[in-house]
Amino acid sequence: MTRLGPSDVLVVDDRADTLDELITEFQLLGIQPMVISGYEEAVRYIDQLDSWAGLGLIDVRLPSSRDTDGNWLGLDLGAQIRARFGPSAKFAYVTAVVSMVPTAEYQRAAATSILGVIDKFHYSPRDVASAAVREMGVEGDAG
């Protein structure tokens with residue numbers, strides 16, 4: 001078993017460009033994020049954790065081998081994190097376009113996410129990484 005420590009960041013997104021941008025921004029802040037690009041891989045990673053003290057950034061729509069449309073599997077992943085680690089587990093949802101998220105799913109995501117739902121078109125990767133680090137209350141090595 002392993003843990004997501006207080007200065008650890010898990011980024012789950014199926015878009016390689018988003019992952020690359022967030023990796024760069026977190027590294028500039030002195031944090032090496034764990035990156036995962038698919039739903040099943042994320043579930044396997046979370047299943048082997050014995051504690052969650054860091055922060056997750058989860059794409060609202062994640063494709064899987066069983067559902068290539070994504071079908072809001074990021075919301076399912078967040079629910080699994082909360083069920084396993086309790087209400088203090090910190091994560092935020094990200095999406096390319098908030099306006100495309102149906103109202104019920106958006107409200108559910110915003111209610112459980114520490115930073116609401118972050119629209120990647122309105123916030124730069126630097127903004128997202130900086131907000132995540134502030135929310136975590138830790139300083140990276142570059143701080």
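This is a predicted model: local features need pLDDT of at least 70, side-chain atom pairs count only at pLDDT 80 or more; totals for chains, interfaces and linings use all residues.
Biologist: How many helices and strands does the protein have, and in what order do the elements run?

Modeller: There are five helices and seven strands. Read from the N terminus, their order is β-β-α-β-α-β-β-α-β-α-β-α.

Biologist: What share of the protein is buried?

Modeller: Of its 143 residues, 47% count as buried.

Biologist: How should one read the length of a helix, taking helix 3 as the case?

Modeller: One compares an expected span with the distance between the end C-alpha atoms. Helix 3 covers residues 73-85, and at 1.5 Å a residue its 13 residues should span 18 Å; the end C-alpha atoms are 18 Å apart, so the two values agree. The buried residues of helix 3 are Leu73, Gly74, Leu75, Leu77, Gly78, Ile81 and Phe85. Just after this helix comes Gly86, with a positive phi of about 90 degrees.

Biologist: What does the calculation give for helix 5?

Modeller: Helix 5 comprises residues 125-136, and these 12 residues should span 16 Å at 1.5 Å a residue; its end C-alpha atoms lie 16 Å apart, which agrees. Its buried residues are Val128, Ala129, Ala131, Ala132, Val133 and Met136. Gly137 follows helix 5 and has a positive phi, near 70 degrees.

Biologist: How is the packing of two helices described?

Modeller: Two packed helices are described by the angle between their axes and by the distance between those axes. Helix 2 (residues 39-47) packs with helix 3 at an angle of about 5 degrees, and their axes are 11 Å apart. Angles under 35 degrees count as roughly parallel, and helix 2 and helix 3 are therefore roughly parallel to each other. On the side of helix 2, the contact is made by Tyr39, Ala42, Val43, Ile46 and Asp47; on the side of helix 3, by Leu73, Asp76, Leu77, Gln80, Ile81, Arg84 and Phe85.

Biologist: At what angle do helix 1 and helix 5 pack?

Modeller: Helix 1 (residues 16-28) packs with helix 5 at about 50 degrees, with 9 Å between their axes. That angle makes helix 1 oblique to helix 5. Helix 1 contributes Glu21, Leu22, Glu25, Phe26 and Leu28 to the contact, and helix 5 contributes Pro125, Arg126, Val128, Ala129, Ala132 and Val133. The crossing of these two helices is right-handed.

Biologist: How many aromatic pairs does a search of the whole structure find?

Modeller: The search finds two aromatic pairs. In the case of Phe91 and Tyr93, the ring centres are 5.3 Å apart and the planes stand at 75 degrees, so the pair is edge-to-face; the cut-off for that class is over 60 degrees. Phe91 and Tyr93 are both buried.

Biologist: Where is Ser37 found, and which residues does Ser37 touch beyond those up to four places away in sequence?

Modeller: Ser37 is in the loop between strand 3 (34-36) and helix 2. Leaving aside residues up to four places away in sequence, Ser37 touches Asp13, Asp14 and Leu19. Its relative accessible area is 38%, so Ser37 is partly exposed, a class that lies between the limits of 20% and 50%. From Ser37 to Asp59 there are 22 residues in sequence and 9.5 Å in space, C-alpha to C-alpha.

Key:
Residues are numbered from 1 along each chain as its sequence is written. Side-chain values use heavy atoms; hydrogens and water are left out. Helices (H or I, at least four residues) and strands (E, at least two) are DSSP runs, numbered from the N terminus. The expected span of a helix is 1.5 Å times one less than its number of residues. Buried means under 20% relative accessible area, exposed over 50%, partly exposed in between (1.4 Å probe, protein chains only). Rings of Phe, Tyr and Trp (its six-membered ring) pair if their centres lie within 6.5 Å; planes under 30 degrees apart count as stacked, over 60 as edge-to-face and the rest as tilted. Axes are lines fitted to C-alpha atoms, for helices over the stretch in contact, and angles run from 0 to 180 degrees between N-to-C directions. Angles under 35 degrees count as roughly parallel, over 145 as roughly antiparallel, 65 to 115 as roughly perpendicular and the rest as oblique. A crossing is left-handed if the near helix is turned anticlockwise from the far one by less than a right angle, and right-handed if clockwise. Contact means heavy atoms within 4.5 Å.
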